[in-house]
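Visitor: I am new to this structure and would like to learn how to read it. Could you take me through a few features in turn?

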Amino acid sequence: METTFRKRTSKATVKVVPRPETLNKELMLGGIIQGLAVTMRHFFQNVAREKPEVTINYPEERLKYPLRNRGLHRLMHREDDSVRCVACMCCPTACPAHCITIVAEETGNGNEKRPAIFEIDELRCIVCGLCVEACPCDAIRMDTGEHMHVVDRRDDAILGKVDLMKRGISSTAVQGGEPNWQERVKTVPDPRFR
Amino acid sequence: MAETPNPAPAQSTVTLKIDGQSVTVPKGTNVLEAARSLGVSISFFCYHPGLSSPAVCRQCLVEVKGQPKPVPSCYTPCADNMDVLTQSEKALTVRQQMLEFTLVNHPVDCPICDKAGECTLQKLYVEWDSAHARMDYEKVHKPKKVDLGPTIVLDAERCILCTRCIRVCDEVAHDHQLEMSYRGDRETISVAPGKQLDNPYSLNTVDVCPVGALTAKDFRFQMRAWELMTTSSVCAGCATGCNDEIHHARGEIYRLVPRENQDVNKFWMCDDGRMTYHEIRQNRVAGARVQGETVPLDKALSFAADRIVALRGSSGSSGLLGVVANAQATNEDNYLLLKVASALGVDRVYLAGRPARPDCADDILRHADMNPNTAGARAIAQALMPGKAKGVPQLAADLEGGALKALWILGDHVDLDEEAQAALARLEVCIYQTPHQNFLSDKVNVLLPAAAWAEVDGTFTNAKGLVQRIRRAVEPPGEARPHRELIQLLGRKLGIALDYPNVRMLFKEMKQAVPEFAAAEYGRELPVVQLRFAGSRG
Amino acid sequence: MGIVLLFLIPVVVFSIVSVVLVGVLGAALPALAAYPDFTWVMDPWFQALIKMTLLILVVVMPLASILTWMERKQSAKMQDRGGPNRAAILGARAWGIPHFIADAVKMIMKEDFIPAKANKILFSLAPVMAIVPVFVTFAIVPFGGDVCTHQLTQVVANPALCTDKVTLQVARLDVGLLFYFAIASLAVYGTTLAGWASYNKWSLLGGLRASSQMMSYEVTMGLAILGAFLVYGTLEPHAIVLAQGPLPWHWGIVYQPLGAILFFTAAIAETKRTPFDTPEGESEVVGYFVEYSGMRFGMFFLAEFIEVVFLSAIMATVFFGGYEFPFLFPDGFHLLGHSLPLPHVAVLLIQTAGWGLKVIFFCWFQLLIRWTLPRIRPDQLMDLGWKKLLPVSLANVVVTAVVVLALMAR
């Protein structure tokens, strides 16, 4: 039996990129001097400026947050300081992070329903604001302007009803709109409704 | 009734045109049903296919050519050559106006209302109207949170006075407990004088209510409807086997609601059956126990198998072993147990279950036999071990007489008296696979955790002999597993080759072995549906 | 404001430093020696001890520690950042300078950890081996001219003629820079031992990289400075400084520009700092002192900065006229025919302060390089050292030798 060995050939080709072998490239001196010039320029500029333009020394200087900044949640109050929330569960339904836990209970008065437990796990919260969008009662808001607090234990990041209501203020929003809603609707036509 | 069961040919059908499409229906069918059979949807509140049609809500108005005024389709019987327009501008306008009229005094407190998400009014508003209210003045206030009876709360403001609940009491429970009072915009639903809403079918009023006026105390504020998942199953409360939907969310069952089956329960279900879901998570056995100590499942199975093998060596092939089939367990579980028993040469077979309660029975739906699968268990025992199956009294007698040394009990209900229980405790080995702890669980020396009925797939055979599917809705707790898996594991340890990776294979084999199941089909798997995508159930 | 401070502060600081150095060594101690009981203060051994102590306490250690802050602050300024600015003493933040104290306290307070399987003796010895040689090498650096102790207030034309002079240099060795090479080679033991004694394969590899790098670049360093020796005809640093004189166009950088660049490059590689920091490579590869913590790590850290200071001092001495101030002759300024006679002590003070300013300029320049150039690969490092720097430095030596020979023959 005859065996022939064939030289292995590959069809793959390697494209060789020529690199210019100039003296300047070899010595790298030009690049080094250029680089030093750039850093030196920045150094002297910044020394003359005393304070870099972009840095904000946080605790002393603060950025002004935009009006629609989303901070920690808060639960709004009724006029009698009870919670506005009626435990409709729209916010946990809308929440993409599943960070809201509500257990409903019956109230003795005309409000009929309120949350017995209202907990937000601020570590899970992705600060998307969908809960606020979903709320039909102006009960939950994120306009506190507060940051998440530093916590030692994960449980501490779960804010309960008391914590959330502590930040709340009274809201007198009327479900279905203010009495003069018709004029406003005329001036600002809502594209969702005919 | 919607459809007459056996329409006689020729003169008993009519042919009419709905939206230009020709349709032939039995005589007496109303226009609404005829339209539905064509797939044309007409909105309605007061009509219910299982109840009479009073045509009070006027939400199903359609235009009939030749008639000057729109007619309520639910109340208009089909006639030959009728030309019905359901989507004409006139019909749509009147329906939309009726909807706005219905909404005039509705409080629109959907955030609070439990019906939100499965509410017909809400759905129709979103589909048809979606406009701001034109009412600028105060709505009529009516009593809220009216206690109608032990199970139901009424919110009269939300009520749209469709009278479905009144008709359910009258026509299903045959007990006139609700009626209308006052007139005009003060009109409300109230209980009849000297009565309260306490009939055994009262919760059907909640199901039929198209809005959130009637709410079940049991379900009130527990969970929002749109969060619920539905699994189609069969009620395990009695031998009727009402078809139901298990509504569950995140591994917890929140309620059982009836599912339409014209052969069994039509549209209804009794209150007792609806409450059976509470038992599922109570007193559960989550881990195996051998002589009172919690051990891993495998260890408990080995212990039981070793004891049985030892007994069979010492006292003959049957080993004085008895098996107890149970009418609470599915057909598949019972079949597998008896199959293992006959492979072991066991000739003592008993049939247990909950005791009958004739006081709970009526001729509507409720059955005296409180077990969902008595007929099935009997049929299987008859097919596999003809003439050998005995009742519980015989079991008690055998126990006390010392005819048994080992016992293998399926299911949780075995009605034994004190003496028989004491005799049970003296057995060499007593395997008891059960979902729930009860008086027997401390007496036996091998306790195996089993899954409850809402946690398994399988079939029940109801009193009429219908084989019906039940489906797994939630996961069993801890180490609990379906009966059939426990039997398989123990059977393998006893040297019997069993390999049923799923219930369908078991059912196929059972179908050939048991003549009663010859015509039965296992059915297809249904996806678990989230209620928020299922539309309204009102 | 910032620019003014940038120049003003070093000038003020080094004026004070020079007053302390010259005052103690040139005035206080000779004055003390006038009393019969204290003649021993002029003993050469005691003089060497007191000079070394003063040099290390007043110049080297403060400069090395302040460099830790300077490095962070300067890099921040180069990168448009703020840099350290939080630490404060009694509410005075002083551009974050107190950070070097905070760093030192942190280093000392941190857990001193020795890995279980490490060789404890060598592990403890390694940081000392790294830091001691760099201190010792300062012995040859002249930080000022000779002090004629009895003529401080007079104008002295030639201090070499004084009989009672005190040298501002710890040890005036004839072997001079050879002593520096000898001692600096010992530092390689510190890094190699640290890598080996840690019982960690990555630190061992880091130590190997460090030793190979240091040994390779020592060759270039020696050859690069050889040209300067040929020009000055001496190895003794003080003589080199005197040979250069106060006129900038006679300084080593003019005669040996290539040698200066080569020496500077090789010496940076010796300090193991970016772009030649493959031995430690804090951000990517694990270095030889990865197992070190607390003050042991601090000693490696400090040794690196002292090396920076020393390299600056050598650069100043050999190539930039050492303590010589431009146009400042021993008897005062002479420029374009004008002259400003100055008393001896004023000349000395200006010279010492000028030396300090040169040193800190080169420190600043090294930091500038460290935060500008990216790290090079080990293979590129070896390539640069053996295939580029070494031939070029050899050529430099040959050309210099030929030129010097031709000039001498003429």
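Guide: Two strands count as paired if DSSP finds at least two bridges between them. Keep in mind that this is a predicted model.

Visitor: In what order do the strands of the open sheet in chain B lie?

Guide: The open sheet of chain B has 5 strands in the order 2-1-5-3-4, and the pairing is mixed.

Visitor: Which strands of chain B stand at the edges?

Guide: Those are strand 2 (21–26) and strand 4 (71–72) of chain B. Each has a single partner strand, so one side of each is left without a neighbour in the sheet.

Visitor: How many bridges join strand 1 of chain B to strand 5 of chain B?

Guide: There are 2 bridges between strand 1 (residues 13–18) and strand 5 (residues 83–85) of chain B, and the two strands run parallel. Within strand 5 of chain B, B:V84 is the residue opposite B:I18. Helix 2 (residues 89–103) of chain B packs on the sheet, where it touches strand 3 (61–64) and strand 5 of chain B. The direction of helix 2 makes about 160° with that of strand 3 of chain B.

Visitor: Now a single residue. Is B:H48 buried or exposed?

Guide: A residue is called buried when its relative accessible area is under 20%. For B:H48 the value is 9%, so B:H48 is buried. B:H48 lies in the loop between helix 1 (31–37) and strand 3 of chain B. Leaving aside residues up to four places away in sequence, B:H48 touches B:R164, B:V208, B:F267 and B:W268.

Visitor: What area is buried between chain C and chain A?

Guide: The size of an interface is often given as the accessible area lost when the parts come together. Between chain C and chain A about 1900 Å² is buried, and carbon and sulfur atoms give 68% of that area. C:K77, C:D80 and C:W364 supply 27% of the area that chain C buries against chain A, more than any other three residues. The contact involves 22 residues from chain C and 20 residues from chain A.

Visitor: How many salt bridges are found across the interface of chain C and chain A?

Guide: The rule finds 2 salt bridges there. A:E60 forms a salt bridge with C:R86, with the closest N and O atoms 3.2 Å apart. Across the interface of chain C and chain A there are also 7 residue pairs in polar contact.

Visitor: Which helix of chain C gives the largest share of the side that touches chain A?

Guide: Helix 11 of chain C does, with 4 residues. Helix 1 (2–33), helix 2 (44–78), helix 11 (344–370) and helix 12 (378–409) of chain C each supply at least two residues of that side.

Note on methods: Residues numbered from 1 in each chain as written. Chains lettered and ligands numbered in written order. Predicted model: local features only at pLDDT ≥ 70, side-chain atom pairs only at ≥ 80, totals over all residues. Heavy atoms only, no water. Contact = heavy atoms within 4.5 Å. Axes fitted to C-alpha atoms, helices over the stretch in contact; angles between N-to-C directions. Buried < 20%, exposed > 50% of the residue type's maximum accessible area, 1.4 Å probe, protein only. Buried area = accessible area lost by both parts, 1.4 Å probe. Salt bridge = Lys/Arg side-chain N within 4 Å of Asp/Glu carboxyl O. Polar contact = N/O pair within 3.5 Å; in protein donor to acceptor, adjacent residues only side chain to side chain.
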